[in-house]
Amino acid sequence: MTYQDFKDYIYKEVASRYESRATVHLSTFTKNNGVLLDGLVICEDDSRISPNLYLNDYYDLILEGQSKEDVLNKILKKYEQTKSIPKFDPDIFSDFSAVKDKIIFRLINQSTNSELLEDVPYLPFLDLAIVFSVMIEISKDNFGCVLIRKEFLPEWNIENEELFEIAKKNTYKNLQPEYCSIEDVVSPMFDEKDKDLWGVCIPSFPIYILSNKKRFHGAGVICYPQYLKSLAEQLNCDLYIIPSSIHEVLIVPMADYIDLNTLSEMVRQVNATEVPPEEVLSNHAYYFLRAKNQLQY
C-alpha cells in the first residue's frame, strides 16, 4: 500500500463514520524545522477546535506489517481519547491578563525556521531563535502549547523583550531545569556490553543530560546563563554543550582530550540518523566559558 493509498483509505473510512456529526478533512501542517506532516482533522459540530492526528507515523505501522484495519482502529481510538480532553477557548488570546502567567519560551533553529519566524515574535539567540507559546493544561500531568503570533502583540501592547522577561519567569517556574549524569539514565537500561548513546558507544568522558523536569523543549534551559554558570562551578570547569534535540542538551566538561569539532561532527551524524527531523535543534556543539558567563559557538 502506497502512502497516498493509505491516506485515501483513512480519509474515506473516517469520513463515513463521522459524516452525520463532524467535518473530516486532510491538511498539511508545517512543524518545527519546516517539516511537513499530513494531519487528519475531525471537527465535530459542537467544537471550534480539533486535535490533529498526524498520519505519517501511522503509515510506518503499515510498513512494519500491521493491517490497514488495525491502524484505522488505532487512529479512531486516539481521536476518541483526545476529543474528551478539555478544550481551551481560542478567544483567550484577546485578553492578555488571561494568558500572561501561561506564556513560556522555546528554543528552535533560526535558519531552518525562517518561514515560521516571519509570522511569530522571536529573539535571536546565537544561531537559534527564542519563540513564545501559551501553555494549555490538558490534564494534571499533561499540557499542550499554542504558538504566539505577531498579530497578538499590538493588541497586548507588548514588545518582544518584555515578552521574553515574562516568559523566562513562567518557564523557570513551570519547566524547572534539572540535570543528571547520563550513566544514571543508561546504566539501569543496558548491560555493560550493550550500553550506547543513540546507537554509538558511550564515550569514556563524563556526560550530563540537561533539560527540564517535563522533558519538553528542555534545550531552552541553555538560555539561563546563571544556571549554566552554577553548573560549571559545580563541575569546576568550562562546558561543552551538545544539542541532542529541542528537548534536551548534553553537557560535557571541557578538557584537553575533547575538542569542539569532534563533538560537532558527532552532533551532525546523530541528527542525520537518530533524531526526528522536527526535533533537531542545531548541527554543531556550543561551549560555555565561566569567566565570561557566556555561551558561544
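Predicted model: local features only at pLDDT ≥ 70, side-chain atom pairs only at ≥ 80, totals over all residues.
Buried here means under 20% relative accessible area, with exposed over 50% and partly exposed in between (1.4 Å probe, protein chains only). By that cut-off, both F96 and W156 are buried.

- Searching the whole structure turns up 14 aromatic pairs; rings of Phe, Tyr and Trp (its six-membered ring) pair if their centres lie within 6.5 Å, and planes under 30 degrees apart count as stacked, over 60 as edge-to-face and the rest as tilted.
- F96 and W156 make a tilted pair, with 5.2 Å centre to centre and 45 degrees between the planes.
- That pair links distant parts of the chain, as F96 is in helix α4 (residues 96-99) and W156 in helix α6 (residues 152-156), 60 residues apart; helices (H or I, at least four residues) and strands (E, at least two) are DSSP runs, numbered from the N terminus.
- One aromatic cluster is made up of F105, F132, F164, Y172 and Y224.
- K68 has its charged end over the ring of Y9, 4.7 Å from the ring centre; the criterion is NZ of Lys or CZ of Arg within 6 Å of the ring centre and within 35 degrees of the ring normal.

- Helix α1 (residues 3-18) has 16 residues and should span 22 Å at 1.5 Å a residue, which agrees with the 23 Å between its end C-alpha atoms; the expected span is 1.5 Å times one less than the number of residues.
- The buried residues of α1 are F6, K7, Y9, I10, V14, A15 and Y18.
- They pack against β1 (22-30), β2 (36-44), α2 (55-63) and α3 (68-83), where contact means heavy atoms within 4.5 Å.
- α1 lies across β1 and β2 and runs at about 150 degrees to β1; axes are lines fitted to C-alpha atoms, for helices over the stretch in contact, and angles run from 0 to 180 degrees between N-to-C directions.
- The strands β1-β2-β3, in that order, form an open sheet with antiparallel pairing; two strands pair if DSSP finds at least two bridges between them.
- β1 and β3 (52-54) stand at the edges with a single partner strand each, so one side of each has no neighbour in the sheet.
- From one strand to the next, the twist averages 30 degrees.
- Three bridges connect β2 and β3 in the antiparallel sense, and V41 has N52 in β3 as its bridge partner.

**The six-stranded sheet**

- A second open sheet has six strands in the order β8-β11-β13-β12-β14-β15, with antiparallel pairing.
- Its edge strands are β8 (177-181) and β15, each pairing on one side only.
- Neighbouring strands of this sheet are turned by 30 degrees against each other on average, direction ignored.
- Strand β11 (residues 208-212) runs antiparallel to strand β13 (residues 248-253), joined by three bridges; L210 is partnered with V249 in β13.
- Seven of the seven residues of β12 are buried, so the rest of the structure largely encloses this strand.
- β12 and β13 are antiparallel partners over five bridges, I242 has L250 in β13 as its bridge partner, and a hairpin joins the two strands through two residues.

**Strand β14 and its neighbours**

- Strand β14 (residues 286-289) is covered on both faces, with Y286 and F288 buried on one side and Y287 and L289 buried on the other.
- Strand β12 (residues 239-245) pairs with β14 in the antiparallel sense over three bridges; I241 has Y286 as its bridge partner, while Y240 has Y287.
- Strand β15 (residues 294-296) runs antiparallel to β14, again over three bridges, and F288 is partnered with L295 in β15.
- β14 and β15 form a hairpin with four residues between them, and N293 in the turn has a positive phi of about 50 degrees.

**Around M135**

- M135 is in strand β6 (residues 128-139) and counts as buried because its relative accessibility is 12%.
- Its C-alpha atom is separated by 6.3 Å from that of I103, 32 residues apart along the chain.
- Not counting residues up to four places away in sequence, M135 touches K102, I104, F143, G144, C145 and N174.

Note on methods:
Residues numbered from 1 in each chain as written. Heavy atoms only, no water.
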